[in-house]
Amino acid sequence: MMAVFRSFQFVRGNYTLLSRRFYGSMSSKQGLVLGVYSTEDKDEVKFTPYAQKYNESTAGKLLEQINICGPVKAGQARIFWNLGQYPAVAVAGLGDASKWDELDEIDGAKENVRIAAAAGVRALAANKLPEIVLEDLEHPQQAAEGATLANYKFQSFKSADKRTSLPSVRFADDASGKEDWQRGVTIAEAQNFARVLMETPANHMTPTIFADTVRERLGAAGVEVLVHDEAWAKAKGMGSFLSVTNGSAEPARFLELTYKGSAKPDEPCVALVGKGITFDSGGISLKPSANMDQMRADMGGAANVVGTLLALAQLKAPVHVKGFVPLCENMPSGTATKPGDVVYAMNGKSICVDNTDAEGRLVLADALCYASTFEPKFILDIATLTGAIKVALGDCVAGVFSNNNALWNVIHEAGSQTGDRVWRMPLFKHYSEQMCDHGGYDLNNLGKGKGGGSCTAAAFLREFVPKGTPWLHVDIAGVMGDCSDQSYTGAKGMTGRPMRTLVEFVTKASGSI
């Protein structure tokens, strides 16, 4: 059949598509992603080593076409048709890493690779290429992360005939760094699993369903999963945790996860604690109805802990990690906890619940107490805890509170390397006094005074960490979803962030603390 020729140019999303396509003459449906850098000379094209070899295989025709069209900007992709082995080649702009400011506190070269890989994959996917091949982009792990996170779409509840078909994505056979690529795929797929947990509607992700899903997925990866019920929690004295579930018809669950990858059988564990509110209505202190559906993801901390242990287990990381996940709903009813009620945590401290919508700290309090009984090296808790952290930091960074400078330094560097950055917040005694200076009980779940909501929440949690135990609290409410800073996770939907930072942090910190 005679090939039909078309030539056209248009802009779609964040990439420019220049097509020169011969319909009917394509012997394969594969697309290739190559990288090109920005240079001071706007007319100069600097390929990655792999892309340079591919250009040579086309007798320089790829470079010729790029020169005709002009530079490929950072974070954009341009498709060329019928040049070399692949019928479609997406040239993705890697930019210039030096353009990142020192104050951005990020490894710009690695972040540019994630962005470029995502742009290339999306450009080819938009053209219905069923198989996409990537070169290493000189940072194969980051190329895999960007590609895998971009090649994601939550559509579990769409009719089968209306779902978007996603392409398969693989590493080029002759590219360098296959082990690093596979590591990136493993970590990104674990983050995508966390995204699915967060995105799933609350009636399809109850505490019981969450627990069963984790038991199946993590159990298959070699993680021990214990699912505790309300009777167990009551026997442990977890009155703070159980007070939150009082108004819900769904039974609470408490997950205890164990991954033993360390060669030392008696090595103390690292403890990860994740807030697992599978839906947060606010309870009697009811939230406004606008955007309340977003509270299906109020178990983002739990999803991060689960995703982190999944990745560590699949990577066979040499670490000993335990995860603690209190799961419940926060709902209003005739049995719900009322503002002003006083409850007791596992460590015996009394808490006046002035606002039932400050429930995350209540479930975390008992989880922190239980985690501390294992005498871990350190404890990290993570939660979509306060709207105040988003007011303070926006949607591009998680807030970290820590009583240990060495741990802070490790997680700060981890965030720089993974592109999911963290920012240190204060743990002043001033905030503790606001939470603890009360005559009739030990703590209030709301702080005195105005402002500093994320700081007083951290101060509350500090009361349930034994003195001398290294500890970090990570408030991820700002990066829960609909973030504007990472093109590879997209501007809409739940993100699963900052799971990749946790994997990097636990791997590095467990051996250094």
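Domain bounds here come from an automatic or database domain assignment. The model is predicted. Its assignment gives two stretches: domain 1 covers residues 30–176, and domain 2 covers residues 189–511. Taken over C-alpha atoms, the centres of domain 1 and domain 2 are separated by 36 Å. The two domains also touch. On one side, 18 residues of domain 1 take part, and they are in contact with 22 residues of domain 2.

Confidence was examined next. The average pLDDT of the protein is 93. A score of at least 70 is reached by 94% of the residues. Residues 1–27 have a pLDDT below 50. In the model, this stretch still has 56 contacts beyond near neighbours in sequence. Where pLDDT is low, the predicted coordinates should not be read in detail.

The structure holds one cavity of 30 Å³ or more. The volume of the largest cavity is about 70 Å³. Its lining consists of 13 residues. Closest to the centre of the largest cavity are S243, V244, N330, T337 and T356. By residue class, the lining of this cavity holds six nonpolar residues, six polar residues and one charged residue.

The lining of the second largest pocket divides into seven nonpolar, 13 polar and eleven charged residues.

Helix α14 spans residues 453–462 and includes S454. The relative accessibility of S454 is 3%. Buried means under 20%, so S454 counts as buried. Which residues are in contact with S454, leaving aside its neighbours within four places in sequence? They are T386, A388, I389, F401, M425 and D475.

Terms used. Residues numbered from 1 in each chain as written. Predicted model: local features only at pLDDT ≥ 70, side-chain atom pairs only at ≥ 80, totals over all residues. Heavy atoms only, no water. pLDDT = per-residue confidence, 0-100. Contact = heavy atoms within 4.5 Å. 1 Å grid on protein atoms, 1.4 Å probe; cavity = no way out; pocket = protein on both sides within 12 Å on 5 of 7 lines; lining within 4 Å. Points joined across faces, edges and corners; volume = space filled by probe spheres on them. Nonpolar A, V, L, I, M, F, W, Y, C, P; charged D, E, K, R; others polar. Helix = DSSP H or I, 4+ residues; strand = E, 2+ residues; numbered from the N terminus. Buried < 20%, exposed > 50% of the residue type's maximum accessible area, 1.4 Å probe, protein only.
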